[in-house]
Amino acid sequence: MNERDSEHIIAELEEKENYTLTKNPKEADLILINTCSVREKPEKKLFSEIGQYAKIKKEDAKIGICGCTASHLGDEILKKSKAVNFVLGARNVSKISQILHKDRVAWVDIDYDDSTYVFSSKHNSTLKGMINISIGCDKQCTYCIVPHTRGNEISIPADLILKEAKKLVDNGTKEILLLGQNVNNYGRRFSNDHRKINFTQLLNEISQINGLERIRFTSPHPLHMDDEFINEFATNPKVCKAIHMPLQSGSTKILQKMKRGYSKEWFLDRVAKMRSLIPELSIGTDIIVGFPTESEEDFLDTLDVLEKVRFDTLYSFIYSTRPHTQAATWLDNGEIQLLDEETAKNRLIILKDKHKEILAQENAKQLGKIHPVLFESYDEENLLLEGRSDTNKLIRVKAGRNLIGEICNVKISEIKGAQLIGELL
């Protein structure tokens with residue numbers, strides 16, 4: 001989502017303010033740092049980066065801070081750093097060409113409605129495109145700062161999404177990635193009286209665009225994976241058979257503490273339903289270890305889900321206390337204690353090692369399998385094509401010609417660790 005926000009900002013500045021990109025920060029008239037605050041580490045890096053750019057920038061160059069940390073810290077960034085000219089929150093991206101002409105201001109209103117704003121866009125051909133279908137988040141997960149930085153959830157009108165999708169396809173886009181904090185909650189709330197439509201229907205309508213080959217989306221919420229959605233996902237040939245399902249924990253007790261809204265059993269039931277319809281389905285997930293009150297038994301539940309689902313991709317982290325969250329309040333009030341660091345680190349190591357074992361076992365099964373691959377890059381020197389399968393596996397092929405933008409069947413002939421190597425059929 002931050003990547004897409006950055007694309008919007010760049011397009012707005014190029015079209016409305018006559019800016020162009022430079023790879024050399026010493027030449028820049030404007031330096032923008034787009035930030036994340038989901039975890040603590042990226043936030044801590046911010047002021048170090050500001051300091052580095054302040055040392056090398058031109059005397060009259062401006063520095064702007066955008067994104068979620070901008071929303072979270074606001075004026076505090078201006079107080080801590082005299083080098084920063086403005087702060088623009090994640091919900092205020094469309095204001096970039098306005099705030100650019102201000103100095104020492106922070107615009108971080110999380111109630112601002114960007115849902116019907118038509119952003120400028122670059123018209124150069126891109127094989128893969130991204131479209132926001134909603135902004136904000138209505139969930140109240142006790143560990144998550146996103147509702148505080150991106151505001152309440154509002155769906156973008158379907159006609160705007162369809163127009164953007166058609167425009168991308170007309171300019172050469174073959175694959176579209178739909179973005180939202182909870183994409184399959186799409187349609188729950190619009191800012192005005194727009195056509196009522198849910199995510200399943202939106203997928204169906206986008207798939208009818210001539211020339212569009214593939215649709216991906218991230219991230220769906222396990223709670224909203226009803227049978228209607230699963231059936232559309234399974235039967236629509238343009239919807240890629242790879243899905244990111246954020247588990248967070250395999251323990252029902254911890255899931256309740258996190259306010260995720262589903263149980264371990266529900267998550268496994270949804271996986272079983274999808275795999276019964278799509279045996280080759282690829283599933284990715286996010287897992288937090290060391291959430292307050294997590295016991296050894298809770299952690300074993302997480303390992304149990306890992307073994308049963310056998311995730312293709314795993315993003316795993318030790319719990320990081322975030323301000324403006326319910327879990328932080330519990331810790332501040334002394335209601336519960338943070339798990340000791342050594343135990344949390346050991347659990348993360350165990351989880352990652354187990355996942356590596358699973359990946360090695362599952363990748364070995366790929367030998368001889370055939371995948372339709374959309375080629376995205378070509379190394380002329382080594383004659384190597386690279387692309388992704390419908391199930392989002394990265395596949396390399398030795399080929400004597402450039403096939404970027406084409407979808408070809410590839411038979412897996414070699415496996416090097418996590419790398420799949422194939423032959424064109």
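Modeller: Happy to! Contact here means heavy atoms within 4.5 Å. Helices (H or I, at least four residues) and strands (E, at least two) are DSSP runs, numbered from the N terminus. This is a predicted model, in which local features need pLDDT of at least 70 and side-chain atom pairs count only at pLDDT 80 or more, while totals for chains, interfaces and linings use all residues. Residues are numbered from 1 along each chain as its sequence is written, and side-chain values use heavy atoms, with hydrogens and water left out.

Let us start with α9 and α11. On the α9 side, D227, I230, N231, F233 and A234 meet R270, K273, M274 and L277 of α11. By class, that contact has 5 nonpolar, 1 polar and 3 charged residues (Ala, Val, Leu, Ile, Met, Phe, Trp, Tyr, Cys and Pro count as nonpolar, Asp, Glu, Lys and Arg as charged, and the others, Gly among them, as polar).

Two packed helices are described by the angle between their axes and the distance between the axes. Axes are lines fitted to C-alpha atoms, for helices over the stretch in contact, and angles run from 0 to 180 degrees between N-to-C directions. Helix α9 (residues 227–235) packs on helix α11 (residues 264–277) at about 30 degrees, with the axes 10 Å apart.

F199, T200, L203 and N204 of α8 make the contact with E228, F229 and E232 of α9. Those residues divide into 3 nonpolar, 2 polar and 2 charged.

For context elsewhere, S120 sits in the loop between β4 (105–107) and β5 (128–132). S120 counts as buried because its relative accessibility is 7% (buried is under 20%, exposed over 50%, partly exposed in between, with a 1.4 Å probe and protein chains only). Beyond neighbours within four places in sequence, S120 is in contact with H8, A11, E12, E15 and K16.
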